[in-house]
Amino acid sequence: MKDDKYGEGSFEYYAEKYYDDIYRFIFSIVYNKDWVPDIAQNTMEKAFKKWHSLRKRESVKSWLCSIAKNETASFLEKIYRQNDRDREYMNEIQEKFTESIVDEDILNMLIYKENFAELTEAWKMLDDKYKQIIALWTSGDYSEKEIAKILGMNYNTVRTNLRRGIQKLRELYAEVEKGGRYEE
């Protein structure tokens, strides 16, 4: 397929078509709206530079998601080296979560905040091999087959890791909720 300058088949066409999907995909991994634009920009820059190497235009969305996944991982590596910023990020998430609760009942707000903190703690303890799969799956935009393609994994491995990851997250959450640390 010949690329038109800005028509169907051009990088600009696909970048515009899939930008929102890539944005949501990145957000489903990092849950930080301040980081997403930077990661999305890095993703699009890298995709633009590598556009000539894409063989099948039918695979553009998966290809962009793969680049986004790698750019997100690189970005998070830089961020997580700074433990203070990580703690600050988790505090910001908690504040934003409690601010978004419409219920005026203070007791309910405290319960929501406590549950969120426990779920966040359980999520931190979850093995990384489950996190990406669960994040993609819970975003609601991707089937298990699409997740397998995006992550370059076997479909059955994705299915198994999704089920095991959800079960492990439930176990970790229950352990954190009891006030203990999860031990295998």
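Reader: Start inside. Which residues touch the most other members of the largest nonpolar core?
Author: Phe25, Ile26, Val30 and Leu64 do, in a core of 42 residues. Keep in mind that this is a predicted model.

Reader: Which elements give two or more residues to this core?
Author: They are α1 (11–30), α2 (36–50), α3 (60–80), α6 (128–138), α7 (144–151) and α8.

Reader: And which gives the most?
Author: α1, with nine residues.

Reader: Back up a bit. How many helices and strands in the chain?
Author: Eight helices and zero strands. Along the sequence the pattern reads α-α-α-α-α-α-α-α.

Reader: What share of the chain is buried?
Author: Of its 184 residues, 39% count as buried.

Reader: What about contacts between residues at least 6 apart in sequence: how many join residues at least 24 apart?
Author: 58% of them do.

Reader: Back to Ile26. What is it in contact with, leaving aside neighbours within four places in sequence?
Author: Val36, Ile39, Ala40, Thr43, Ala68 and Thr72.

Reader: Val36 is on that list. Where is its place?
Author: In helix α2.

Reader: Buried or exposed?
Author: Val36 is buried, because its relative accessible area is 0% and the cut-off for buried is under 20%. Leaving aside neighbours within four places in sequence, Val36 is in contact with Tyr23, Ile26, Phe27 and Val30.

Reader: Now a charged one. Glu71: buried or exposed?
Author: Glu71 counts as buried, at 12% relative accessibility. Its place is in helix α3.

Reader: What is Glu71 in contact with, beyond neighbours within four places in sequence?
Author: Ile39, Asn42, Thr43 and Lys46. Two of those names, Ile39 and Thr43, are also contacts of Ile26.

Reader: New topic: α8. What does it reach from first C-alpha to last?
Author: Helix α8 covers residues 155–178, which is 24 residues, and reaches 35 Å.

Reader: What caps its N-terminal end?
Author: Asn154 does. One of its side-chain oxygens lies 2.7 Å from the backbone nitrogen of Asn156.

Reader: And what comes just after α8?
Author: Gly179, with a positive phi of about 100°.

Reader: Which residues of α8 are buried?
Author: Val158, Asn161, Leu162, Gly165, Lys168, Leu169, Leu172, Tyr173 and Val176. An α-helix has 3.6 residues a turn, so residues three or four places apart point the same way.

Reader: How do the axes of α6 and α8 cross?
Author: At roughly 95°, and they come within 9 Å. So α6 is roughly perpendicular to α8.

Reader: Which residues meet there?
Author: From α6, Lys129, Tyr130, Ile133, Ile134 and Trp137. From α8, they meet Val158, Asn161, Leu162, Arg164, Gly165 and Ile166.

Reader: What separates the C-alpha atoms of Val158 and Ala148?
Author: 5.9 Å, for residues ten apart along the chain. Ala148 has its place in helix α7. Ala148 is buried, with a relative accessible area of 5%.

Reader: And the contacts of Ala148, leaving aside neighbours within four places in sequence: which are they?
Author: Met153, Asn154, Tyr155 and Val158. Asn154 is the residue that caps α8.

Note on methods
Residues numbered from 1 in each chain as written. Predicted model: local features only at pLDDT ≥ 70, side-chain atom pairs only at ≥ 80, totals over all residues. Heavy atoms only, no water. Helix = DSSP H or I, 4+ residues; strand = E, 2+ residues; numbered from the N terminus. Expected span 1.5 Å × (residues − 1). Buried < 20%, exposed > 50% of the residue type's maximum accessible area, 1.4 Å probe, protein only. Polar contact = N/O pair within 3.5 Å; in protein donor to acceptor, adjacent residues only side chain to side chain. Core = buried A, V, L, I, M, F, W, Y, C linked by side-chain atoms within 4.5 Å. Contact = heavy atoms within 4.5 Å. Axes fitted to C-alpha atoms, helices over the stretch in contact; angles between N-to-C directions. Parallel < 35°, antiparallel > 145°, perpendicular 65-115°, else oblique.
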